Structures are given as structure tokens and as C-alpha cells.
Amino acid sequence: MKKLVSCALVAVMALSMVACGSSKNVASDSEYVKNNGKLVVGITDFAPMDYKDDAGNWIGFDADMAAAFADSLGVEVEFVEIDWDNKVLELDGKTIDCVWNGMTLTDEVKSAMDCSNAYCNNAQVVVVKSEVADQYQTVESVKDLTFAVEAGSAGEAEVTALGINCTPVKQQSDAVMEVAAGTSDAAAIDALMAAAMVGEGTGYADLTYTVSLNSEEYGVGFRKGSDLVSALNDFLKASYEDGTMMATAEKYGVQASIIEQ
Amino acid sequence: MSQIITQFPIVFEALNVGFLQTLKLFIITLVGAIPLGLVICLGSMSKIKPLKAITKVFVWIIRGTPLMIQLLIVYYFPGLALNNPVWGGGEEGRFLAASVSFIINYACYFSEIYRGGIQSIPVGQDEAGMVLGMTKSQTFFKVKLLQMVKKIVPPMSNEVITLVKDTSLSRIIALQEIIWAGQAFLKGSQGISGAIWPLFFTGIYYLIFSGILTVLFAKLEKKLDFFR
């Protein structure tokens with residue numbers, strides 16, 4: 001027994017030494033990216049920010065801006081689809097270099113990563129069945145509904161702040177499925193996504209979205225202490241001033257939401 | 001309904017791409033885990049005490065923790081704790097990490113099935129082999145192995161069919177297998193958004209695939225039916 005305990009202790013010590021050794025960063029983040037010759041951008045399939053064209057290339061407002069930013073650093077861009085729940089793991093594990101996917105700047109996001117300046121406006125909206133939509137046009141009226149929200153999302157934060165009971169689910173699309181299946185009365189999701197997912201011509205023709213719970217902003221997330229944040233802020237400013245940012249935004253129909261840099 | 005018909009070709013193609021990943025992971029796991037399982041099995045039955053103890057603890061850890069956690073550890077640990085993301089961020093790295101996790105996990109389960117198979121063979125056969133002047137390995141490979149194979153076919157088929165479905169766990173490290181491909185249409189992909197049916201349709205793939213495996217295993221059992 002004693003032997004077993006001492007073996008376990010040795011293993012724990014060895015692990016913690018490994019962990020300590022890794023906390024020292026050898027080079028700055030921009031040097032790391034430049035040495036790799038590529039900027040690995042973590043995304044999800046999220047029109048109109050990041051999605052695939054018919055040829056299978058990633059396009060969208062965020063994708064085009066990320067490609068331009070990588071270009072300005074003199075490196076290639078590589079898009080990697082990630083599980084949104086694991087974005088911080090992916091960043092810290094260096095399997096991606098930034099999260100650039102219409103990410104709402106919540107307090108949780110800002111505490112887990114270093115974020116760029118906000119570049120785009122968004123809102124959390126309430127998705128309900130169309131037949132009852134008339135009754136739920138105000139924030140006050142939705143307080144008695146049961147909500148489904150994406151775990152860790154801005155929607156969850158807003159709904160919880162209003163003191164409404166909610167069921168956290170794996171992703172925003174699952175939250176909408178809950179409403180369609182009648183297992184929840186309503187879902188709180190991104191306005192941009194709601195516009196793409198529910199209503200006429202989608203698989204959820206009998207759902208619609210009503211009131212906005214808040215207004216919020218999108219930003220890009222980097223590893224803690226990364227010097228790429230200031231590089232990106234400079235890049236956003238420059239591309240806003242020379243008009244390329246607006247031109248890209250118009251291409252994907254998000255020009256009304258762009259924030260002045 | 002008409003919507004599903006127009007969506008079907010696009011969804012079908014995307015699901016096939018996803019299923020190919022599922023199939024690849026399934027095959028690689030079997031190719032790696034079936035021999036590795038035998039190695040672990042021999043380790044856990046070894047007469048060398050420390051080797052036996054280490055193997056047993058290893059099997060306990062792998063069988064005692066969820067495969068999902070193992071996937072997360074194998075994929076993220078090198079970058080998080082060792083500051084060296086050996087797998088890289090791309091699709092290939094994710095596939096490799098998933099393969100390694102699955103092979104180790106299934107090898108441990110297989111090793112216990114093998115052990116059950118080997119130990120179920122009466123000691124009398126070892127003694128008979130010795131009397132006939134055969135070495136231990138001769139007795140194992142020439143006498144016991146085929147009997148063991150016959151005995152482990154039913155439990156192995158159980159594990160293999162479980163593996164078909166377990167491959168879906170690899171989506172936790174964003175490997176784009178078939179469930180991932182089906183779910184993409186919920187949120188919006190390739191111009192289709194809010195489509196619920198592709199996710200449920202993936203179930204058909206699993207059903208057909210496990211159906212084929214069931215038939216194959218039944219055939220194998222029949223083939224081995226020439227002795228008892």
C-alpha cells in the first residue's frame with residue numbers, strides 16, 4: 001500500500017513539474033504564428049460569417065477578414081472547424097491561434113481569452129412558435145416561458161440575468177429544435193443565426209423570432225497575453241479607414257452592423 | 001416533403017463524406033486494437049509481477065474513464081501541458097488523435113475478452129501438450145488459439161457493433177464524422193439551414209452498417225461451427 005501511495009505521489013510530482021515547465025512562453029505569439037507560416041483560425045459553419053462556397057472554400061465576412069489579416073502578417077490562413085464548447089481548450093492547446101466566428105464578447109469570453117476590439121453588432125432574440133408570436137413581443141411577456149439556450153452562450157447569460165428558468169443544451173440549433181419539438185416554449189439565440197434558421201423557407205417554417213433581449217458585439221479571441229490582439233486592432237482600424245472592411249461587409253450583407261474602428 | 005427532395009442530393013453527399021470518416025476510424029481502430037489487445041492480454045496474464053500489475057492498472061484506467069475524456073486528453077493535453085501541440089489543428093491531426101484514443105480504449109476491452117477466451121480453455125490441454133513434448137508457444141498457437149477465437153466471437157461482435165456507434169464520440173475533438181455532418185444542416189451549411197431530418201437520417205447509416213456486421217459475424221460463427 002505504501003509503495004502504491006509513493007508511486008502515485010511521484011507521478012503527481014512529475015506531472016506538476018511538466019506543467020510548470022510549460023508556463024514559460026518561448027516566443028511571442030506573433031513570432032510563433034510566423035514561424036509556423038500559418039494562422040490557424042477556429043471557426044464553425046456560421047453563415048454569413050464563416051461558411052463554405054460551392055467549391056468548398058471558406059468564405060463569409062469573418063473568413064475574408066481573417067484571410068486578409070493573415071495576409072498582412074505574411075502567413076497563410078488555415079480554417080479549422082471546432083466544437084464551440086472547446087474553443088478555449090483549442091486556443092490554449094495551440095491547435096488554433098484565434099477564434100474568429102461571430103463571437104459575442106461576454107464577460108466569460110473576455111476572462112478566458114484576450115479579445116480584439118468589437119467589429120460587429122448583434123443581439124440575442126427570442127424564438128417561439130409563429131402561432132403564439134403575437135403574445136410575446138416584449139421582454140416582460142416572455143418571462144413565464146421555459147427557455148432552451150446554448151450552454152455558455154450569450155443567450156444563456158441574458159436569460160439567466162432576467163431570472164428566467166432555462167435548460168442549457170449543446171448548441172444553438174439544439175435550442176431551436178427544443179422549441180420545434182415543444183419541449184421548451186422558447187429559445188434565445190443570435191439574431192444573425194435566427195434570421196438564417198427559422199421562418200419561411202427553412203426547416204422551421206412554423207417558428208419565428210420576436211423580441212431582442214439585449215444588444216451585443218462581436219470580437220476575435222486570442223490566447224491570453226498574445227501580441228496578435230494589438231496587431232489585429234491596428235489591422236481592423238486600417239481596413240475600416242481604407243474602406244475594405246465595409247466592402248467585405250457589403251458582400252455578405254452585414255454592413256448595417258459594422259462598428260466604426 | 002418537397003423540400004426534403006430538393007435538399008436530399010446535397011445532404012446525401014455531405015453525409016457520405018462524413019460516413020467515410022466514420023468508416024475510416026472504425027477500420028483503423030479494429031486494425032490497431034485487435035493485435036494490441038493481444039499484447040495487453042498477454043501482459044495482464046504475465047508471470048512477471050510488475051508487468052502484470054502495470055498492465056492491470058492501465059486497463060483499469062482506460063476502462064474506468066469515459067472515452068470522451070480520453071479523446072480530450074489525448075488531443076489537447078500535449079498542447080496544454082507540454083506546450084507542444086503535436087497533433088496540429090488540421091483535420092488529419094484530429095483524425096490521428098482520435099485513432100490513437102480509440103485503438104488504446106478498444107484494445108483494453110479486447111484484452112479482457114481475449115483473457116476470458118484463453119482462460120476458459122481447460123488446463124488439461126496444456127498438460128496434454130506438455131506430455132506430447134510441445135513448447136508453451138506451440139500449445140498456444142497450434143492448439144488453444146483457434147478454440148479461443150471461436151469462444152470470443154460473440155463478445156467481440158458486441159464490442160465491434162458498439163464501436164460503430166462510439167465513433168460518433170470523436171466529434172468532441174471536432175472530427176467531422178457523420179453526426180457532425182448531419183448536424184451541420186441544423187445550423188446552416190451549403191445553403192440549407194434549419195433542416196432537422198439529416199441528423200435523424202444518419203441513424204439509417206448506422207443501422208445498415210451494423211446490420212451488415214451482424215450478418216458477417218453470424219457467418220463467421222457458422223464457419224467455426226465445425227468443432228465444439
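A residue counts as buried here if 20 or more other C-beta atoms lie within 10 Å of its own. Keep that cut-off in mind. This is a predicted model.

Chain B to start. Of its 228 residues, 33% are buried by that count. Chain B has eight helices and zero strands. Read from the N terminus, the order is α-α-α-α-α-α-α-α. The C-alpha trace of chain B spans about 75 × 50 × 25 Å along its principal axes. Now contacts within chain B. Take those with a separation of 6 or more: 74% of them join residues 24 or more positions apart.

Next, the cores. The largest nonpolar core holds 73 residues. Which of them touch the most other members? From chain A, they are Val41(A), Ile96(A), Cys98(A) and Val99(A). From chain B, they are Ala98(B) and Tyr106(B). Helix H4 of chain B, residues 91–119, gives this core its largest share, 12 residues. Look at Tyr106(B). Setting aside neighbours within four places in sequence, Tyr106(B) contacts Thr29(B), Ala33(B), Glu159(B) and Leu163(B). Another core, of 43 residues, lies apart from the largest one. Its members include Val142(A), Met193(A), Val198(A) and Val11(B).

Last, the interface. How many residues of each chain are in contact with the other? It is 29 from chain A and 26 from chain B. On the chain A side, several elements give two or more residues each. They are helix H1 (2–22), strand S2 (51–52), strand S4 (76–81), helix H4 (87–92), helix H7 (172–181) and helix H8 (191–197) of chain A. By class, that side of chain A has 15 nonpolar, seven polar and seven charged residues.

How values were computed: Residues numbered from 1 in each chain as written. Chains lettered and ligands numbered in written order. Predicted model: local features only at pLDDT ≥ 70, side-chain atom pairs only at ≥ 80, totals over all residues. Contact = placed C-beta atoms within 7 Å. Helix = DSSP H or I, 4+ residues; strand = E, 2+ residues; numbered from the N terminus. Nonpolar A, V, L, I, M, F, W, Y, C, P; charged D, E, K, R; others polar. Buried ≥ 20, exposed ≤ 12 C-beta atoms within 10 Å, placed from the backbone. Core = buried A, V, L, I, M, F, W, Y, C linked by C-beta atoms within 7 Å.
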